[in-house]
Amino acid sequence: MKKRDYYLTAISLILLIGFIFYADNNMDAYMVRILNLCAIYTILGLSMNLINGFTGLFSLGHAGFMSVGAYVTAILTLSVNAKVQNFFLKPIAAPLSNVVWPFFPALLLGGALTALVGFLIGAPALRLKGDYLAIATLGFAEIIRVIFTNTQTITNGALGLKGIPAYTNLWWSFGIAIFTIVTMILLINSSYGRAFKAIREDEIAAESMGIDLFKHKVLSFTIGAFFAGIGGGLLGNLLGTIDPLMFRFTLTFNILLIIVLGGIGSITGTVISAFVVTIAQEALRFLDQSINLGFVVIPGVAGMRMVVFSILLMLVVLFYRHGLMGTNEFSWDKFLNVISMKKPLLKGGRK
Amino acid sequence: MEILRSDNITMQFGGLTAVKDFNLTLNKGEIVALIGPNGAGKTTAFNMITGVYKPTNGKIYYKGSEITHMAPYQITKLGIARTFQNIRLFKDLSVLENVLIANHLHIKSNVFEALLRLPKYKNEDRKMMRKSLELLEIVGLADEKHEKSSSLPYGKQRRLEIARALATSPELLLLDEPAAGMNPTESEDLTKFIRQIRDDFNLTIFMIEHHMQVVMGISERIYVFDYGITIAHGSPKEIQNNQRVIEAYLGVDENA
C-alpha cells in the first residue's frame, strides 16, 4: 500500500468517527436506528459473503446462526429483574437466572457459541454440495428455531425475550462493522483466503493442488458463523426484543439479497449494498401505504416494498448477474480516477 | 530408484472395466509416457494414482508406502502433482494467484497467524510470492501475472497449469495431454520445456500424450493401453515396431 493510501484511509476513518459522533448527538432515534441497522447488516452480509461468495458454499442457514448469537447475548445481558418478568410461564433455568454479563464479553461468547454451532452443523452438512447443501443448512436453521421455541426455561420459548438492554449504539455497531471489514480483507488476501477462492473456482483442481477441501470449508463456515452470531447479538440488543419467529427464512433472504445485489465475492459491494438496501427499505415505506395517483387510489398493502425488492433481485439475477461490484474491490486508485473523471490507465500504466 | 509402483490396479465402473491389472513402475528421474487410443483408460489410470478414483483392486505405492486409499490432497502433499486434460485453472483469479494457491498446501502458519500477519506468516507469504514469481518467469508468464487466467491464450494456459503443478513442490509430475491442440513448433518447444523442468526440478514425469512426435522424442519408456489393458511396454523403438500397438492404432487388416 502506498503512503498516500494510508493517509486517505486514516482521513476517511477520522471523518467516519466524526460523523458517528455527530449522528450520536444530533440525529433523532429513527435515523440512529437505521444507521445501526446498516452497520449490523454490513456485518451479517460480510459473514454470509465469506461462506457463499468467497468459498462458494451455497448456505442458507444464516438466520439460525444469528438467532444463536442474539439469544446468547440477550440472555447474558438481561438484568435479573427482567428475567423474572420475562419468564412468567416457567422460571429460567437456575444458573442463568443470576448471570448478568457486560455487553462485550456477552457478545463475544455469543459469537463463539455460534461458531461452535457452525462447526457442528458444518461438519456433516459440508460433505454436501450445491443445492443439497442449501437445503441442509436451511433445515438446520429451522431446527435451531424450533429448538429455541421449545426450550421454555432457557429461551422463554415462543414468548421471546423483552426488555433486552439497548447496549447497541453507533459506536458498537460501526466499530464492529469496521473490525469485520478489516478481518475479512486480511483473511481474503491471506493464503487461506486464496484457498477459499480456489475452492469456489474449482473444487477438483483445488484438491489436486493439495488443499484439504473439508478443512477449509469448515474453517470458512465457522468464521462466517462467528460473525453472524456477533451480528445477531448486536441486533437483539438494538431491537430490545427477540422471539424465534424473527429468525425465519426471510431474514436469511434479506442478507442474501444484500450480497447478491452487492456482488457475490466483493467486500466493497456488500458494504455498499448493506447501506443501500437498509436505507431503501425505510425509504420505500410509502409503498406500504395507500397511494393516491390522482385518478386512481392504490390501497395500502403491508409488505409491498418487499415485492419491489424481489423484483429488483430478479432483475439483477437476470440481467446483471455480477451485482454492483462483481468481484471487484474498492481501491483508492480507482476511486480517485473516478472522481477526477480520468480514463483508467491500462495495465502497466499505458494510456 | 523406484518412486512409484502400482500392483495390478483395476478400475471398474459398474460392469465396465476401464483399467485392468495395470502394473506401473516409475524410476526416479525418468520420463515415461502412457499412450493409447481414445477411451483406452489413460486418464482413469491418472485419476487412480492421484486419488480421485479409488481402484477397485490393486495397490499403489509411492516411495515404498501405500497411497491407494489416500485423498487427492494428501497425495499432492506427498509430492505427486498433476495437470488436467481439459485445463482446470482457477478461471476468475489472476495468473499469479493461481500459482500462489498451489503453495498453500505447505503452509505452517494457522489461520490466526495469517489473519494477524505475524512474522511467521509474513515470512512464509514472502517465500510463496518469490517462488511463484520465479515459476512464472520459468514458464514465461511473468508479464501476464496480473491477467485473469482465463484471458490467456490456450498454450499459455497449459503452461500456467504446469507452473501451478510445480508450485506444489512435486517429485513426480503427471501431465495429462500437455501437447493437446499444439502445432508442431509449439510441441517441439514443449518437449524441450518438459526436459528442462525435469532437470531443473529433479522430477520424474509420467505423461499421457497423443502427439507421437512428442512421445517418441522425449520418453524413455512407454506404456500402451487398449481397452484398459496394457498391450505393450518398452522403449520407444520397441513400441514403434510392436505388432499389437500398430493393430490397436491402425486396426487389423481382415484380408491379411
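This is a predicted model: local features need pLDDT of at least 70, side-chain atom pairs count only at pLDDT 80 or more; totals for chains, interfaces and linings use all residues.

Tutor: Contact means heavy atoms within 4.5 Å. Residues are numbered from 1 along each chain as its sequence is written, and chains are lettered from A and ligands numbered from 1 in the order in which they are written.

Student: Leaving aside its neighbours within four places in sequence, with which residues is B:Ser6 in contact?

Tutor: B:Ser6 is placed in strand E1 (residues 2–13) of chain B; helices (H or I, at least four residues) and strands (E, at least two) are DSSP runs, numbered from the N terminus. At 2% relative accessibility, B:Ser6 is buried, where buried means under 20% relative accessible area, exposed over 50% and partly exposed in between (1.4 Å probe, protein chains only). Once neighbours within four places in sequence are set aside, the contacts of B:Ser6 are B:Phe22, B:Asn23, B:Leu24, B:Lys59 and B:Ile60.

Student: Is B:Lys54 buried or partly exposed?

Tutor: B:Lys54 belongs to the loop between helix H1 (42–49) and strand E4 (57–62) of chain B. Beyond residues up to four places away in sequence, B:Lys54 touches B:Met11, B:Thr68, B:His69, B:Met70 and B:Ala71. With a relative accessibility of 34%, B:Lys54 counts as partly exposed.

Student: How far apart in space are A:Ser266 and A:Gly53, C-alpha to C-alpha?

Tutor: A:Ser266 sits in the loop between helix H13 (249–262) and helix H14 (267–283) of chain A, and it is buried with a relative accessible area of 0%. Not counting residues up to four places away in sequence, A:Ser266 touches several residues, among them A:Asn49, A:Phe54 and A:Met325. Although A:Ser266 and A:Gly53 are 213 residues apart in sequence, their C-alpha distance in space is 7.6 Å.

Student: Which residues of chain B does A:Ala198 contact?

Tutor: A:Ala198 is part of helix H10 (residues 191–201) of chain A and is buried at 0% relative accessibility. Leaving aside neighbours within four places in sequence, A:Ala198 is in contact with A:Glu203, A:Ala206 and A:Ile211, and from chain B with B:Phe90, B:Leu93 and B:Ile101.

Student: What is the phi of A:Asn156?

Tutor: A:Asn156 is in the loop between helix H8 (152–155) and helix H9 (170–188) of chain A, and it is buried with a relative accessible area of 1%. Its phi is positive in a residue other than glycine, with a value near 65°.

Student: What is the relative accessible area of B:Glu177?

Tutor: B:Glu177 has a phi near 50°, again a positive value in a residue other than glycine. B:Glu177 lies in the loop between strand E7 (172–176) and helix H7 (184–201) of chain B. The residue is buried, and its relative accessible area is 10%.

Student: How far apart do the C-alpha centres of the two domains of chain B lie?

Tutor: The assignment for chain B gives domain 1 (2–79 + 170–250) and domain 2 (89–153), with bounds that come from an automatic or database domain assignment. Five residues of domain 1 are in contact with five residues of domain 2. The C-alpha centres of these domains are separated by 28 Å.

Student: Which residues line the largest cavity?

Tutor: On a 1 Å grid over the protein atoms alone, a cavity is a set of points where a 1.4 Å probe fits but cannot get out, and lining residues have an atom within 4 Å of a point. The structure holds four cavities of 30 Å³ or more, and about 50 Å³ of space lies in the largest. The lining of the largest cavity consists of A:Ser208, B:Thr50, B:Pro72, B:Ile75, B:Thr76, B:Ile80, B:Ala81 and B:Arg82.

Terms used
Side-chain values use heavy atoms; hydrogens and water are left out. On a 1 Å grid over the protein atoms alone, a cavity is a set of points where a 1.4 Å probe fits but cannot get out, and a pocket is an open set with protein on both sides within 12 Å along at least five of seven lines; lining residues have an atom within 4 Å of a point. Grid points are joined across faces, edges and corners, and a volume is the space filled by probe spheres set on the points.
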